[in-house]
Amino acid sequence: MLRVVKHVQGPFLLRNAACLSTAALPLPKTDVQPHFKKIFINNEWHDAVSGKTFPTINPSTGEKICDVAEGGKPDIDLAVKAARDAFKLGSPWRIMDASERGVLLNRLADLIERDRVYLASLETLDNGKPYQMSYFADVALTVKCLRYYAGWADKIQGKVIPIEGNHLCWTRHEPVGVCGQIIPWNFPLLMQAWKLGPALAAGNTIVMKLAEQTPLTGLYVAQLAVEAGFPAGVLNVVPGYGPTAGAALSEHMDVDKVAFTGSTEVGHLVAQAAAHSNLKRTTLELGGKSPNIVFADADIAHAVETSHFGVFFNMGQCCCAGTRIFVEGKIYDEFVERSVERAKMRNVGDPFDPNNEQGPQIDESQFKKVLEYINIGKNEGAKLLIGGNRSGDKGYFIQPTIFANVKDQMKFAREEIFGPVQQILRFDKMDDLWERANDSMYGLAASVFTKDLDKAMMFAQNVRAGTVWINMYDNFDAAAPFGGYKMSGHGREKGEYALEEYTEVKCVMVKVPQKNS
């Protein structure tokens, strides 16, 4: 059955979900059950070597969904061995034509699309995000990402270089080898695709550690990879905890590269483990406290709606959320008033209900952390205008919260909250605006709203951030690179740039009797 979505979720979905206001949304599987709960190694399912399991929790109720095998160091060792064997010279994966790797990625995308209602429902159950978001954003963008990299598989190529003398010189772009990949809980399906796409297109083998909070969709995709035809050992998926499975993967001597998305705090640990072990390559996509500048000449209705979406999207659990909103003094009061009115319209509740824009925070720990930061803001003197409390009496729901009169040096204005908390600051002149925007240890994203192209371009070149959106927010097109400056990490996900993170450049030179132009 289909139903019509009655309201739009935001600018991001307008671009990527093809007109949500009229799009037909299939009914979710509200009784969805997970099919796979074990560890995936060599295209087979295994219990943890320790026999341990851990519960995955429904954040809407706080109740257990099921128990999942708890991978540890012995399981990581087995997975790495399988990946190393699959990467051996002469293996089916290594001799496969590059174009065939693209075929397999396209097949995987097709299978995810086939099972999109099930996957969107499972994502909503395990993660808590609204079902229409899971369906129109997470699943749809996962498919687009895999198809994008399927197209790249046979276009990764080196160069012929005209060196001096009777010599020929060329480069080969070869796969790095065994790649450890550690993904977060806020976008389980999409972050899995951001990691798998470029790594598999380039010919690497993978050991992926899923977030312990949200392992269910990642395990299902592993089984789809078998159905798509990926050889055994190419993709191995281990659910487990960061200090055990994640640490074992980061410090493993037979892993050639590790890619991590998550907090800056844990990113430090991953980088240290990579350096202390075998100096493995790293890609780190970490936290953020992104500035969003609203000039007085902006389309204020558009700026209010888009800034609202830039903060509250995914319950505020987005590393690039535009949480530091600098509004020009001439329109500050109006912007604040309109933002509060918009927040009053935001429905919070059961994520399977299409009338709700906001589901729960991911777990009790994050729930308590967000409420703690709200109290810090109140104690620091910021003006709480709306929200600030729990929503409902079960699950991990928090009211949409807005603070005005926020000052740059307030603790809660400098640290990543990762929740539905909008902080609105004021500026009256441009002289120090760039310094204020850059006065953060983070540099993941930034945005500016203005009709003045000169202001927009000045901001884009002056702000130290990996992504700058002008009169928009949260466009995650697969072709556009994404990554951070400063302590928001290094390396890039998505786009052609991500392929560089998964390839080694080999220079080959040969002496010839005579070289002719």
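A cavity here is a set of grid points where a 1.4 Å probe fits but cannot get out, and its lining residues have an atom within 4 Å of a point. The model shown in every view is predicted.

**View 1. Lining of the largest cavity.** The largest cavity is lined by N186, F187, L190, M191, W194, T261, E285, C318, C319, F476 and F482. Its space is about 80 Å³. Helix α7 (residues 188-201) gives the most to this lining, with 3 residues. By class, the cavity lining has 8 nonpolar, 2 polar and 1 charged residues. Searching the whole structure gives 5 cavities of 30 Å³ or more.

**View 2. The largest pocket.** This pocket has a volume of about 1,100 Å³. Its lining counts 42 residues; W185, F260, G262, S263 and V266 lie nearest the centre. At least two lining residues come from each of α9 (242-250), β12 (257-261), α10 (264-276) and α13 (364-379). Helix α10 gives the most, with 6 residues. The lining of the largest pocket divides into 19 nonpolar, 13 polar and 10 charged residues.

**View 3. The second largest pocket.** Here the volume is about 390 Å³. The lining has 18 residues, and R101, R172, H173, E174 and P175 lie nearest the centre of the pocket. Two or more lining residues come from each of α3 (92-95), α4 (98-114) and β8 (167-175). Strand β8 supplies the largest share, 5 residues. By class, the lining of the second largest pocket holds 7 nonpolar, 5 polar and 6 charged residues.

**View 4. An open, mixed sheet.** The sheet has 7 strands, in the order β16-β17-β18-β15-β14-β20-β21, with mixed pairing. Strands β16 (383-386) and β21 (467-470) stand at the edges; each has a single partner strand, so one side of each is left without a neighbour in the sheet. From one strand to the next, the twist averages 20°.

**View 5. The β15-β18 pair.** Strands β15 (residues 324-328) and β18 (residues 421-427) run parallel and are joined by 5 bridges.

View 6. Helix α11 (residues 300-312) lies across β14 (291-294), β15, β17 (401-404), β18 and β20 (445-449). Helix α11 runs at about 135° to β18. Helix α15 (residues 453-462) also packs on the sheet, where it touches β14, β20 and β21. The direction of α15 makes about 170° with that of β21.

Notes:
Residues numbered from 1 in each chain as written. Predicted model: local features only at pLDDT ≥ 70, side-chain atom pairs only at ≥ 80, totals over all residues. Heavy atoms only, no water. 1 Å grid on protein atoms, 1.4 Å probe; cavity = no way out; pocket = protein on both sides within 12 Å on 5 of 7 lines; lining within 4 Å. Points joined across faces, edges and corners; volume = space filled by probe spheres on them. Helix = DSSP H or I, 4+ residues; strand = E, 2+ residues; numbered from the N terminus. Nonpolar A, V, L, I, M, F, W, Y, C, P; charged D, E, K, R; others polar. Pairing = 2+ DSSP bridges. Axes fitted to C-alpha atoms, helices over the stretch in contact; angles between N-to-C directions. Contact = heavy atoms within 4.5 Å.
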